[in-house]
Structure formats: C-alpha cells, structure tokens
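Here is a friendly walk through one structure, with the cut-offs stated along the way. Please have a look at the sequence and the model first.

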Amino acid sequence: MAPMKVYGWVVSPWMARVLVALEEAGAEYEVVPMSRSGGDHRRPEHLARNPFGEIPVLEDGDLTLYQSRAIARYIFRKYKPELLGLGEGGSLEESAMVDMWLDVEAHQHEAAVRPILWHCIINKFEGRDRDQGVVDESVRKLEKVLEVYEARLSGSRYLAGDRISLADLSHFSFMRYFMATEYAGVVDAYPHVKAWWEALLARPTVQKVMAGMPPDFGFGSGNIP
C-alpha cells in the first residue's frame, strides 16, 4: 500500500496536528511540501484537493480529506482507535469525552491562543501592527479557559480520562507557539496544566514534529514556507 500524502508546510500548527497523529499512529506517510508565500495553496491543482485553499490535505488512496481534526480522527480510526477512546479498553463514554474536549480545544483554547500568536509573532514579521488590546483580551480569555483545564486535570491525568488521547495531542501545535511568546509564564499559575503540557512535550512523536517548527515560524531565519 502506498504511503499517505500530506500537503502543506510543516510550520503550520494545523499541519503539525496531523503530523503528530501520523507519528503516534506509526503510519507511513509522505509530506508534499508547499509554499505559502509562493501561493501554492491557491493553485488549481490544490483547490481541486481543498476548494477552500487551505492546508493540510491528506490523500490516502482515493480518499482526500481536509480539516486537521477530521484528518487526525481518520488516522486514529484506521490505525489507533484507542486514541479516540475506542477499541480495546475504550467505551462510548470515553470516546464522548474525547469528542467533547476536542470541541473545547477548537472553540475555547485555540480561539484564545491564536490571536496571541498572530499579534506577538507573525504580525511583526509581516509588517502589521500589534494590537495590545487584542492580546490582553485574549490572554484573559485563555486564563479563564486554563482555570477549567486545571480543575479537570486536578482529578484526571488527561483531558478525556486516565490515558492520553487526541483531545490532548490536538493542543500541542498551538501551545508550542504560545509557549514561545512572552506570555508562556501564564501556564505557571496552573500546576496541573503545566505538568500535562510537559508530559505532552516529552513525547518522542511531539519532539520529532516540533523539530520542524521554529518558534518564529521560520521568519527570523528566512526559511518561510
């Protein structure tokens, strides 16, 4: 069977979500590098894969998928269902908790963290002004989110229960860049969150993917995709 293909640029947090899933699953895959600055995602051949002109895109035989969380779910359903709370040792309840915390990650955590990354890292390299008001508001939102996480993780090793799942792994890519900003110390106020993050960071799969994610998205070195 041919390896799966993943189209995109590896510094992207959305791409990293998929790469971590592939590494955790032990799946064979090939990264098809694309250039954001070169407009590869707007070319007809890529729009045929994803009509929204976004990355990542996964090809597995005749199947083409986009949206990073959907791709990660597919990978784990195929190779490692226990990371979705399914399969041996899983349950309907555990899989529901994985789904719930994935939604929390998408709609609460990423929504709070993303503006911080854009204003603190990306804007200065792309010649846009930093809006400190947006940053401050986003940090306040993140603190509220982390209060909820701290309460959950004080009674549970991982978000969906006592074993790691996609609900945890999905946080890595945006947290990686958040922890490269001057606001990384926010996490220190939440000891269970900090321990959870350090456990994620110690995983060999995460370390491998993070090696392709410079903290400045590659802008400082000029290695911009």
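How much area is buried between domain 1 and domain 2? The answer is about 1,200 Å², of which carbon and sulfur atoms give 58%. Buried area here is the accessible area (1.4 Å probe) that two parts lose on being put together, summed over both.

## About the model

This is a predicted model, in which local features need pLDDT of at least 70 and side-chain atom pairs count only at pLDDT 80 or more, while totals for chains, interfaces and linings use all residues. Residues are numbered from 1 along each chain as its sequence is written, and side-chain values use heavy atoms, with hydrogens and water left out.

Twelve residues of domain 1 are in contact with 16 residues of domain 2, where contact means heavy atoms within 4.5 Å. R17, R69 and R73 supply 38% of the area that domain 1 buries against domain 2, more than any other three residues.

Across this interface the rule finds seven salt bridges, a salt bridge being a side-chain nitrogen of Lys or Arg within 4 Å of a carboxyl oxygen of Asp or Glu. It also finds ten residue pairs in polar contact, both residues at pLDDT 80 or more. A polar contact is a pair of N or O atoms within 3.5 Å; within protein, one must be able to donate a hydrogen and the other to accept it, and residues adjacent in sequence count only if both atoms are side-chain atoms. On the side of domain 1 that touches domain 2, α1 (13-25) and α3 (68-79) each supply at least two residues, and α1 gives the most, with six residues. Helices (H or I, at least four residues) and strands (E, at least two) are DSSP runs, numbered from the N terminus.

## Salt bridges

Side chains of opposite charge can pair when their charged atoms come close. The structure holds 17 salt bridges. E105 meets the side chain of R17 in one of them (2.8 Å, N to O), and R69 and E105 meet in another (2.8 Å, N to O). The pair of R69 in helix α3 and E105 in helix α4 (residues 92-125) links distant parts of the chain, 36 residues apart. R69 counts as buried at 17% relative accessibility, and E105 counts as buried at 1%; buried means under 20% relative accessible area, exposed over 50%, and partly exposed in between (1.4 Å probe, protein chains only).

E23 and K208 also meet in a salt bridge (3.2 Å, N to O). E23 lies in helix α1 and K208 in helix α9, so this pair ties together parts that are 185 residues apart in sequence. Buried or exposed: which is E23? At 18% relative accessibility, E23 counts as buried, whereas K208, at 54%, counts as exposed.

A further salt bridge joins the side chains of K141 and E137 (3.6 Å, N to O). Both lie in helix α5, four residues apart, about one turn of the helix. Salt bridges that share partners join R17, R69, E105, E110 and R114 into one network.

## The buried side of α8

In helix α8 (residues 191-201), V193, W196, W197 and L200 are buried. They cover an arc of only 100 degrees around the axis, which puts them on the same side of α8; the arc is that of the directions from the helix axis to the C-beta atoms. The buried residues of α8 pack against α5 (132-153), α6 (166-169), α7 (172-178) and α9 (204-210).
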